[in-house]
Amino acid sequence: MLRAARARRIAAATAFGGGGLTLLGASTVGLLYLQARQAVKTVGFTRWQAPRVNGVYGHGEGEPIRFAMMGDSTAVGFAVDGADQTPGSMLASGIAAVADRPVRLRRVART
């Protein structure tokens, strides 16, 4: 009898805890959605185009090291003028210089 009561208490606590986590997760998704909508209203859309940076950087012997740049507007290099100013191209150039090998950069980041 004591074990059954304890099992019911554990099951009830698990159900309430799981429901609380589900509610917390849904609230977080809703908050992020509302923040994104507010950001679009406040900032709007820009006509700025990201510079093309995909390609091989550096010189040296051997097959190029493959490097992918993923992320958001910071990874794209939002509002920079040239491809050489983007984080991906600067990192690829630095890696190529240190490794003494070429680096093939592929940027998949989105603004």
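## A buried threonine

Thr-86 has 1% relative accessibility, so this residue counts as buried (under 20% relative accessible area with a 1.4 Å probe, protein chains only). The model is predicted, so local features need pLDDT of at least 70 and side-chain atom pairs count only at pLDDT 80 or more, while totals for chains, interfaces and linings use all residues. Residues are numbered from 1 along each chain as its sequence is written, and side-chain values use heavy atoms, with hydrogens and water left out.

## Around Thr-86

You will find Thr-86 in the loop between helix 2 (73–76) and helix 3 (87–99); helices here are DSSP runs of H or I, at least four residues long, numbered from the N terminus. Its side chain has a polar contact of 2.9 Å with that of Ser-89 (a pair of N or O atoms within 3.5 Å, one able to donate a hydrogen and the other to accept it; residues adjacent in sequence count only if both atoms are side-chain atoms). The Thr-86 side chain also reaches the backbone oxygen of Ala-83 at 2.9 Å.

Beyond neighbours within four places in sequence, Thr-86 is in contact with Pro-51, Val-53, Val-76, Gly-77 and Val-80 (heavy atoms within 4.5 Å).

## The pockets

The largest pocket has a volume of about 260 Å³. On a 1 Å grid over the protein atoms alone, a pocket is an open set of points where a 1.4 Å probe fits, with protein on both sides within 12 Å along at least five of seven lines; lining residues have an atom within 4 Å of a point. Helix 1 (residues 2–43) gives the most to this lining, with three residues.

The second largest pocket holds about 200 Å³, and its lining includes Val-53 and Val-76.

Conventions
Helices (H or I, at least four residues) and strands (E, at least two) are DSSP runs, numbered from the N terminus. Buried means under 20% relative accessible area, exposed over 50%, partly exposed in between (1.4 Å probe, protein chains only). Grid points are joined across faces, edges and corners, and a volume is the space filled by probe spheres set on the points.
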